[in-house]
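Below are some questions and answers for a reader who is new to this model. Please keep the sequence and the structure in view.

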Amino acid sequence: MIQCARQPGLAQIWEDILGFENCEFYIKKWPQFHGMQFEEVLISFPDAIPCGIKVASSGGKIILNPDDSYLLQEGDEVLVIAEDDDSYAPAPLPMVQGGNLPKNIIIPKTTERILFCGWRRDMEDMILILILADESVEDSAIQADSRSLATLLLIRDIQAKRLPYREAMASKIHRGSSSQGSWREEMQQASDKSVIISEILDPRTKNLLSMSKISDYVLSNELVSMALAMVAEDRQINDVLEELFAEEGNEMQIRGADLYLCEGEELSFYEVLLRARQRREIVIGYRLANAEKAIINPPAKTERRRWSVKDVFVIIADKE
């Protein structure tokens with residue numbers, strides 16, 4: 001919940017990975033990789049993205065985001081993100097030069113202010129604005145979501161009324177004399193000023209939030225069910241999810257493209273991947289500036305495309 005609240009858009013990525021319709025985690029042994037460094041394994045799968053190693057010499061411990069210099073030993077297995085367990089296989093190493101990062105950017109740590117709207121028994125585990133589902137009506141997903149939506153609309157209405165005078169006037173001039181859609185536009189303008197994450201329980205509610213574009217959401221019940229189903233299919237994945245959700249270790253993050261490239265620069269996905277390794281990160285996907293959904297494990301990883309600094313990349317990296 002907190003990860004998704006701090007990084008809008010992350011909930012959709014988790015839905016894609018934990019669901020069975022898109023890419024997910026798989027672990028498999030590849031004897032041909034014995035003696036190869038992890039940095040070579042990273043670009044060996046055209047249809048998958050390696051993100052960890054199951055180390056045989058450590059009793060099968062899974063290491064996420066290992067060092068580039070790690071040498072795979074006999075019995076080691078590779079953890080990847082792929083569409084299916086039979087949809088990927090190694091290929092000859094492509095000729096890829098990552099190049100240098102545009103500049104040594106250090107992301108400053110800033111004070112975060114989070115407003116919790118609601119209370120629940122596991123609140124002590126949570127350290128924006130986060131609207132929690134009402135615990136007293138958790139048995140009725142629709143009723144709990146209705147209260148969350150009512151809270152969301154109330155907060156957005158207050159924000160819209162407190163917009164600076166110039167912004168409010170500019171919004172009215174832009175709309176002209178027509179009042180059609182004015183309320184929704186005010187809500188969306190207010191949403192640009194702060195992030196609100198709503199916890200919802202019913203999958204049907206997310207369609208309303210997606211259409212309104214006034215809040216991101218976390219479909220908590222569905223995410224938990226997806227995680228349990230994935231672990232039931234392969235118990236090894238439990239260790240992976242445990243670290244990604246834990247307070248320490250690696251986690252999934254969303255990073256601005258300006259950390260890796262310059263405006264209009266033409267790079268392949270593999271070239272971006274190698275640049276990110278200079279920051280000890282593994283890029284697993286991206287979301288273009290004009291797109292609503294992220295692409296995880298993109299195809300055609302060696303083909304170059306023109307990037308914008310407004311694009312974002314989905315990475316696995318150590319928690320800051």
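This is a predicted model: local features need pLDDT of at least 70, side-chain atom pairs count only at pLDDT 80 or more; totals for chains, interfaces and linings use all residues.

Q: Is E281 buried or exposed?
A: Buried means under 20% relative accessible area, exposed over 50%, and partly exposed in between (1.4 Å probe, protein chains only). R279, at 21%, counts as partly exposed. E281 has a relative accessibility of 3%, so E281 counts as buried.

Q: Which residue forms a salt bridge with R275?
A: R275 is itself buried, with a relative accessible area of 6%. In its salt bridge the closest N and O atoms are 2.7 Å apart. The partner is E265.

Q: How many salt bridges does a search of the whole structure find?
A: One of them joins R277 to D68, with the closest N and O atoms 2.7 Å apart. R277 counts as buried at 8% relative accessibility. The search of the whole structure gives a count of eight.

Q: What kind of aromatic pair do F269 and Y286 form?
A: Rings of Phe, Tyr and Trp (its six-membered ring) pair if their centres lie within 6.5 Å; planes under 30 degrees apart count as stacked, over 60 as edge-to-face and the rest as tilted. The centres of F269 and Y286 are 6.4 Å apart, with 45 degrees between the planes. Both residues are buried. The pair is tilted.

Q: Which residue lies over the face of W307?
A: A charge sits over a ring if NZ of Lys or CZ of Arg is within 6 Å of the ring centre and within 35 degrees of the ring normal. W307 is buried. At 4.9 Å from the ring centre lies R305.

Q: Which residue in β4 is the bridge partner of K54?
A: Strands (E, at least two residues) and helices (H or I, at least four) are DSSP runs, numbered from the N terminus. Two strands pair if DSSP finds at least two bridges between them, and six join β2 (residues 48–55) to β4, running antiparallel. The partner of K54 is E77.

How values were computed
Residues are numbered from 1 along each chain as its sequence is written. Side-chain values use heavy atoms; hydrogens and water are left out. A salt bridge is a side-chain nitrogen of Lys or Arg within 4 Å of a carboxyl oxygen of Asp or Glu.
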